Amino acid sequence: MESLLIDGSHGEGGGQILRSAITLSTIMHKPIKIENIRHNRKIPGLRPSHLSTIRLLGKICNAKIDGLSIGSTSVLFNPGEIHETRLEENVGTAGSISLILQTIIPAVSLSGKKLRLSITGGTDVPWSPTMNYTKLVLGEVFSRIGIKFEMNIIKRGYYPKGGGQVDIIIHPCTKLIPIRLSKRISKKAKLVCSFSHIPKNIILNHVNYTKNYLEKQGYQTQTIISEEMALNSGASILVYNFDSDSINGVDELFDFQNNKNFGEYSAESFISSELGVDVNLSDMIVTPLALLNETSKFTVSKISKHLETNLYITSKITGCKYGVGKIDGGYEIRIKS
């Protein structure tokens, strides 16, 4: 079968194109060649985290891969069959487990297979969703779409040492379900904070500040704080909530160089994100929705480069149709195969 050519420089021109392309390649059994990989980045081509993602998915689906090396700007990914299995993978240092799972979870589940995976690397690292966000926020929206997984965070891994461990069971999707997410209808917020090698009183002060800030804005809050094992110091906080019409979450990492209150950004952003999904979640759900015959629709406060890019790439690979319309306070996205 002739491979489909994808221009990796389109839109935001980063790793998102690569992740979406190989995910859909695996699900649709369609060979794909991605050129100009990360063309718009300061250091173009594949980085170690991208190698880990491609290598692991290739192992899972018995793919034939050309161009798998650091700095490579062109990769040919030809997927084979996924066999239900159990795997262990170490991505090295603080490579983002969350970004890898964004690819692995839908690729395996939507292929109708089950996978048990134990993966070691970074759980809460810069430029990546925290593991709590992946488990609680992405997990919720995936579940509503029909993609289910169980996650156990065994050990946290912060930058630069990493060494975190996550065990996950991905279940086969039996039916894809369209979503309708339009506007938050509840005034509730959940705070989840994990930390390591930071005095507990410092963390408590920040979390209490964030909790009080939310409550002054009229939100009922629920807080979970956990001190967890890690190789080096670090912390993450997630402010999230979901109801029948919305799924929103905002996370951040503890910044040792900044005196601003840890959690303040997450609280402010959560409050301002009152539509169907948060900005980061919007691009993560495009891939499975592009495979649905029925129309899904969701609202979001702005169209990020990642969302714009993912809509383009998925439509090119799947032939899906999508529309973007302006509404009060944001945009409505409609998508169907």
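The axes of α1 and α3 come within 9 Å of each other and cross at roughly 20°. Axes here are lines fitted to C-alpha atoms, for helices over the stretch in contact, and angles run from 0 to 180 degrees between N-to-C directions. Helices (H or I, at least four residues) and strands (E, at least two) are DSSP runs, numbered from the N terminus. This is a predicted model: local features need pLDDT of at least 70, side-chain atom pairs count only at pLDDT 80 or more, and totals for chains, interfaces and linings use all residues. Residues are numbered from 1 along each chain as its sequence is written, and side-chain values use heavy atoms, with hydrogens and water left out.

The crossing angle makes α1 and α3 roughly parallel to each other. Angles under 35 degrees count as roughly parallel, over 145 as roughly antiparallel, 65 to 115 as roughly perpendicular and the rest as oblique. The crossing of α1 past α3 is right-handed. A crossing is right-handed if the near helix is turned clockwise from the far one by less than a right angle, and left-handed if anticlockwise. From α1, Gln16, Arg19, Ile22, Thr23, Thr26 and Ile27 meet Leu99, Gln102, Thr103, Pro106 and Ala107 in α3. Contact means heavy atoms within 4.5 Å. By class, this contact of α1 with α3 has 5 nonpolar, 5 polar and 1 charged residues. Ala, Val, Leu, Ile, Met, Phe, Trp, Tyr, Cys and Pro count as nonpolar, Asp, Glu, Lys and Arg as charged, and the others, Gly among them, as polar.

Helix α3 also packs with α4 (residues 131-145), where the axes come within 10 Å and cross at roughly 25°. That makes α3 roughly parallel to α4. On the α3 side, Ile97, Ser98, Leu101, Gln102, Ile105 and Pro106 make the contact, and on the α4 side Met131, Thr134, Leu138 and Phe142. These residues divide into 7 nonpolar, 3 polar and no charged.

Tyr209, Thr210, Tyr213 and Leu214 in α5 meet Glu264, Ala267, Glu268, Phe270 and Ile271 in α6. Here the classes are 6 nonpolar, 1 polar and 2 charged.

On a 1 Å grid over the protein atoms alone, a cavity is a set of points where a 1.4 Å probe fits but cannot get out, and a pocket is an open set with protein on both sides within 12 Å along at least five of seven lines; lining residues have an atom within 4 Å of a point. Grid points are joined across faces, edges and corners, and a volume is the space filled by probe spheres set on the points.

The largest cavity has a volume of about 110 Å³. Of its 13 lining residues, Gln16, Ser20, Gln102, Met284 and Thr287 are the closest to its centre. Helix α1 gives the largest share of that lining, 4 residues.

The largest pocket has a volume of about 1,600 Å³. It is lined by 48 residues, and the closest to its centre are Leu99, Pro126, Trp127, Ser128 and Pro129. By class, the lining has 16 nonpolar, 22 polar and 10 charged residues.
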